[in-house]
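Please read this briefing alongside the sequence and the structure shown below.

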Amino acid sequence: MKVFVHVREKTFLVHCGDGGQKLRWLANVGVARYDKTLGMELGLPRGIRFEDGTRLDMADVVNAKLQEDDHVWVLLRDDVAGEEQPESKPLPKKPAVVSGRMSPNTKRRVLAS
């Protein structure tokens, strides 16, 4: 299976074998081929879409969503800058660890709760 991956003004033909990879892989291949610094210039792909603008889930499998010779466009940080981002939840606080061990104060708080 082969797919045409567009990154900015360039197009890359990507051979996907049987297409068992995730779409995230396909987007990463496009970025790696465009950006010889392996994403340092462009950053990580933020999405992938068809020409008509339909966004694809990056966790989907290539052969489940694409057909031979399909064209997809990689979305980069600049492409999604103005879009509404999903609300993120704050990460839970982790106990302080010193040299692989909890500090005495943290240990008391953890045991007390």
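A polar contact is a pair of N or O atoms within 3.5 Å; within protein, one must be able to donate a hydrogen and the other to accept it, and residues adjacent in sequence count only if both atoms are side-chain atoms. By that definition, the side chains of histidine 6 and threonine 11 make a polar contact, at 2.9 Å. This is a predicted model, in which local features need pLDDT of at least 70 and side-chain atom pairs count only at pLDDT 80 or more, while totals for chains, interfaces and linings use all residues. Residues are numbered from 1 along each chain as its sequence is written, and side-chain values use heavy atoms, with hydrogens and water left out.

**Confidence**

- The protein chain has an average pLDDT (the predictor's confidence in each residue, from 0 to 100) of 82, and 69% of the residues score at least 70.
- Confidence is highest in helix 2 (residues 62-65), at a mean of 97, and lowest in strand 6 (residues 97-98), at 53; helices (H or I, at least four residues) and strands (E, at least two) are DSSP runs, numbered from the N terminus.
- Where pLDDT is low, the predicted coordinates should not be read in detail.

- Strand 1 and strand 2 run antiparallel and are joined by six bridges, whereas strand 1 pairs with strand 5 in the parallel sense over three bridges; two strands pair if DSSP finds at least two bridges between them.
- Strand 1 and strand 2 form a hairpin with two residues between them, and arginine 8 in the turn has a positive phi of about 50 degrees.
- Histidine 6, which is found in strand 1, has threonine 11 as its bridge partner in strand 2 and stands opposite tryptophan 73 in strand 5.
- Histidine 6 is buried because its relative accessible area is 12%, where buried means under 20% relative accessible area, exposed over 50%, and partly exposed in between (1.4 Å probe, protein chains only).
- A further polar contact, of 2.8 Å, joins the side chains of histidine 6 and histidine 71.

- Proline 45 is placed in the loop between helix 1 (23-34) and strand 3 (47-49), and it is buried, with a relative accessible area of 7%.
- Although proline 45 and leucine 75 are 30 residues apart in sequence, their C-alpha atoms are 5.9 Å apart in space.

**Charged pairs**

- The whole structure holds four salt bridges, each a side-chain nitrogen of Lys or Arg within 4 Å of a carboxyl oxygen of Asp or Glu.
- Glutamate 68 and lysine 2 meet in one of 3.1 Å, N to O; glutamate 68 lies in the loop between helix 2 and strand 5 and lysine 2 in strand 1, so the pair ties together parts that are 66 residues apart in sequence.
- Aspartate 69 also forms a salt bridge with lysine 2, at 3.3 Å, N to O, and Lys2, Glu68 and Asp69 are linked in a network of salt bridges.
- Arginine 8 and aspartate 78 form another, with their closest N and O atoms 3.7 Å apart; arginine 8 is partly exposed at 43% relative accessibility, while aspartate 78 is exposed at 56%.
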